[in-house]
Amino acid sequence: MGSSVAYHLVRSDPGLDIVVVERDPTYTNASSALSVGNARIQFSLRENIQISLHALEVFGRFGEEMSVEGQRPDIRFRPEGNLFLHVPKAYAEVESSMALQKSLGGEVEWWNLEEIANRHPFLKPEGLGGGTFGRLDGHLDGYALLMGTRAKAASLGVEFVAGEAEEIVTRRGTVEGIRVASGELLSAPVVVNCAGAWAAELSRTADIDLPVVPVKRQVFVVETPEYFDKPLPLTVFPSGLYFRSEAPGLLLVGKSLDEDPEGYSFSWQESRFTDLLWPGLAQWVPSFDRLRLIRGWAGLYAVNTLDGNAILGEWPDLEGLFHANGFSGHGLQQAPAVGRHLAELILGVEPTLDLSALGTERIVDKKPLSEASLV
Ligand SMILES: Cc1cc2nc3c(=O)[nH]c(=O)nc-3n(C[C@H](O)[C@H](O)[C@H](O)COP(=O)(O)OP(=O)(O)OC[C@H]3O[C@@H](n4cnc5c(N)ncnc54)[C@H](O)[C@@H]3O)c2cc1C
């Protein structure tokens with residue numbers, strides 16, 4: 001998010017002095033480097049659908065747009081589709097989300113059980129009512145997205161500084177800059193808090209109580225006993241359990257669980273896959289009772305505890321302090337639209353997308369948005 005906001009700012013106004021302060025330039029623990037890299041238009045909230053439609057457009061032209069001195073970054077965007085499976089009683093809600101997605105230009109189709117069985121004969125659809133398939137949805141390499149955006153921003157004059165933002169400095173309702181760990185004050189009329197899962201800690205230094213908490217999520221890489229004739233789409237079961245092809249014979253598997261711990265831990269547990277996820281997988285896909293766990297990893301969702309959606313914009317009564325955080329499990333795909341939107345807000349330009357519903361006022365007023373498709 002930091003790189004994307006900076007890129008869009010410098011592209012709009014090359015004369016600006018823009019500094020991105022990053023504590024860990026290796027991005028080892030950054031969620032952007034640890035995500036599953038999925039992009040989908042299958043949301044119920046208009047803004048989330050529009051943001052993803054923009055992402056699919058940008059991912060298609062990313063190499064060209066972000067090329068630096070003739071070198072084109074490759075984010076390996078693979079539009080292999082997303083299949084959300086639903087229980088029968090969910091149909092009414094799903095139908096209205098699909099209608100909205102289509103009305104905004106998205107491609108999504110309803111698969112009944114026969115269709116699912118034809119396309120994915122290995123699935124046992126008992127208890128399901130059908131599925132929604134987003135044909136143009138897909139996945140990409142999140143680290144490459146981050147590094148490509150960062151390199152382009154740097155090539156246009158953005159300065160990337162290795163350091164820790166320790167305090168947002170304010171005076172009489174106006175931001176004055178940030179104090180970094182060395183003690184130096186970086187003066188700035190505009191500060192954007194893009195600290196991901198650490199965003200609430202940083203906001204606290206400006207007396208802002210941001211409802212964003214770090215929650216550990218784990219992903220597992222498993223080997224399948226058989227090869228499929230083509231990559232399997234990201235398939236999401238009604239319980240939130242998901243898998244997708246990563247390479248021939250390899251799947252990624254994950255699930256957000258209520259008991260996932262808050263905090264800054266990056267360890268992963270084999271038992272979580274074997275005890276909690278594997279039985280569910282084998283229930284839906286009988287041949288998956290013979291999977292082999294290869295490895296796993298853990299990363300942090302920056303969970304917005306109010307409503308699970310992005311928090312975008314200037315903080316009320318604190319001039320110059322902007323937020324771009326709280327993305328929970330769908331922020332990677334939001335980076336292009338959020339970067340553009342924040343740049344537009346900062347520069348006072350009419351926003352291309354009306355994302356005011358995702359603004360900070362709802363956080364202060366504690367008025368949650370409703371998004372039915374959080375994973
Ligand atoms: C397992 C997992 C799977 C996911 N899958 C998907 C997916 O399929 N699709 C999707 O769209 N999203 C997914 N997400 C969510 C997505 O990864 C995040 O929403 C997105 O990457 C957030 O980007 P960000 O820039 O806000 O945060 P980050 O990428 O975490 O970047 C924040 C940066 O801020 C730095 N920082 C923090 N505090 C300070 C400070 N005080 N001073 C200086 N630097 C600081 C950190 O070092 C970090 O590099 C997933 C996340 C996880 C963990």
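Modeller: Let's start at Gly 157, which follows helix H6 and has a positive phi, near 115°. Keep in mind that this is a predicted model, where local features need pLDDT of at least 70 and side-chain atom pairs count only at pLDDT 80 or more, while totals for chains, interfaces and linings use all residues. Residues are numbered from 1 along each chain, as its sequence is written. Helices (H or I, at least four residues) and strands (E, at least two) are DSSP runs, numbered from the N terminus.

Now for H6 itself, residues 142-155. The expected span of a helix is 1.5 Å times one less than its number of residues. For the 14 residues of H6 that gives 20 Å, and because its end C-alpha atoms are 20 Å apart, the two agree.

Which residues of H6 are buried? They are Gly 142, Leu 145, Leu 146, Gly 148, Thr 149, Arg 150, Lys 152 and Ala 153. Here "buried" means that 20 or more other C-beta atoms lie within 10 Å of the residue's own (12 or fewer is exposed, in between is partly exposed, and C-beta atoms are placed from the backbone). An α-helix has 3.6 residues a turn, so residues three or four places apart point the same way.

The buried residues of H6 pack against helices H1 (2-12), H2 (31-34), H3 (46-65) and H9 (335-347), plus strand S7 (159-162). Contact means that two C-beta atoms, placed from the backbone, lie within 7 Å.

H1 is worth a stop, as nine of its eleven residues are buried. Among them are Gly 2, Tyr 7, His 8 and Val 10. Its buried residues pack back against H6, and also against S1, strand S11 (191-193), strand S18 (321-325) and H9.

Let's zoom out. The chain is divided into domain 1 (2-69 + 141-211 + 306-364) and domain 2 (214-304), with bounds from an automatic or database domain assignment. Their C-alpha centres lie 28 Å apart. Where they meet, 20 residues of domain 1 are in contact with 14 residues of domain 2. On the domain 1 side, H2 and strand S19 (327-328) are the elements that give two or more residues. That side divides into eight nonpolar, eleven polar and one charged residue. (Ala, Val, Leu, Ile, Met, Phe, Trp, Tyr, Cys and Pro count as nonpolar, Asp, Glu, Lys and Arg as charged, and the others, Gly among them, as polar.)

H2 turns up again at the ligand: along with strands S1 (19-22), S12 (212-223) and S16 (292-304), H2 gives two or more residues to the shell around the ligand. In total, 35 residues surround the ligand, and the closest are Ser 32, Asn 38, Gly 196, Gly 299 and Gly 331. To be near, a residue needs its C-beta atom, placed from the backbone, within 6 Å. By class, the shell has 17 nonpolar, 13 polar and five charged residues.

Trp 284 counts as buried because 21 C-beta neighbours sit inside 10 Å. Leaving aside neighbours within four places in sequence, Trp 284 is in contact with Leu 123, Lys 124 and Phe 237.
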